[in-house]
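Here is a quick tour for anyone meeting this protein for the first time. Have a look at the model, then read on.

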Amino acid sequence: MSKDVSAGSAGSTTLGQLALGLTLLAFGIGATGVVDNVAAADASAVATWVGGVALFIAGLLAFRDRDTGTGTAFAGLGAFWFTWGTAVGEVGSAEAAGLFALLWALLALSLTAGATRGSLVQGAYGLLAVAMALTGIGALADSGGLGEAGGWVAVAAGLASWYGATAALADLPTFEGRAAGRGVTATG
């Protein structure tokens with residue numbers, strides 16, 4: 001374990017990881033049904049403004065700092081959450097919702113492959129990919145159980161992202177990637 005905070009655009013990275021973590025927690029908790037009368041759709045405002053706008057702005061700030069890995073991750077995820085948050089409640093088929101989640105699972109898979117191997121951020125992106133895949137397959141198969149499982153995985157991804165940002169702010173220990181120089185260290 002190391003107390004080192006990753007190099008790069010630390011401010012935009014921390015902001016982005018917090019925004020991603022909180023959005024995933026809100027979405028995941030709603031999808032699990034663990035809180036009475038709270039559904040994933042209830043996270044739409046958080047998804048739109050925190051996960052969408054704040055994450056997209058963090059991505060633009062990272063691009064400004066020439067951190068293309070973090071910029072790509074946060075701008076892409078910001079676009080995803082803004083789209084999802086503004087589309088919740090729109091009339092659409094379960095198949096369209098499932099396809100949407102599966103396509104965004106591909107983005108998360110790409111981010112996982114690009115993050116530093118063994119890092120907390122790589123784990124968060126990997127969990128996000130699994131959460132979106134489960135959510136998408138659950139919607140296509142009309143399986144509430146898969147959707148709930150996706151929610152629990154989203155909660156785990158949110159906790160990983162939130163902890164990474166909190167560790168950077170509070171100088172707490174984090175796991176650093178095993179392949180220094182591989183991938184973008186600012187995002188993992």
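Where does arginine 66 lie? Arginine 66 sits in the loop between helix 2 and helix 3 (helices are DSSP runs of H or I, at least four residues, numbered from the N terminus). Its phi is near 65 degrees, a positive value in a residue other than glycine. Arginine 66 is exposed, at 74% relative accessible area (exposed is over 50%, buried under 20%, partly exposed in between, with a 1.4 Å probe and protein chains only).

Aspartate 171, in the segment after helix 6, also has a positive phi, near 55 degrees. Aspartate 171 is partly exposed, with a relative accessible area of 40%.

## How to read the model

This is a predicted model, where local features need pLDDT of at least 70 and side-chain atom pairs pLDDT 80 or more, while totals for chains, interfaces and linings use all residues. Residues are numbered from 1 along each chain as its sequence is written, and side-chain values use heavy atoms, leaving out hydrogens and water.

## The largest pocket

The volume of the largest pocket is about 680 Å³. Of its 29 lining residues, Trp84, Ala97, Gly98, Thr135 and Ala139 are the closest to the centre. Helix 4 gives the most to this lining, with 6 residues.

Note on methods. On a 1 Å grid over the protein atoms alone, a cavity is a set of points where a 1.4 Å probe fits but cannot get out, and a pocket is an open set with protein on both sides within 12 Å along at least five of seven lines; lining residues have an atom within 4 Å of a point. Grid points are joined across faces, edges and corners, and a volume is the space filled by probe spheres set on the points. Helices (H or I, at least four residues) and strands (E, at least two) are DSSP runs, numbered from the N terminus.
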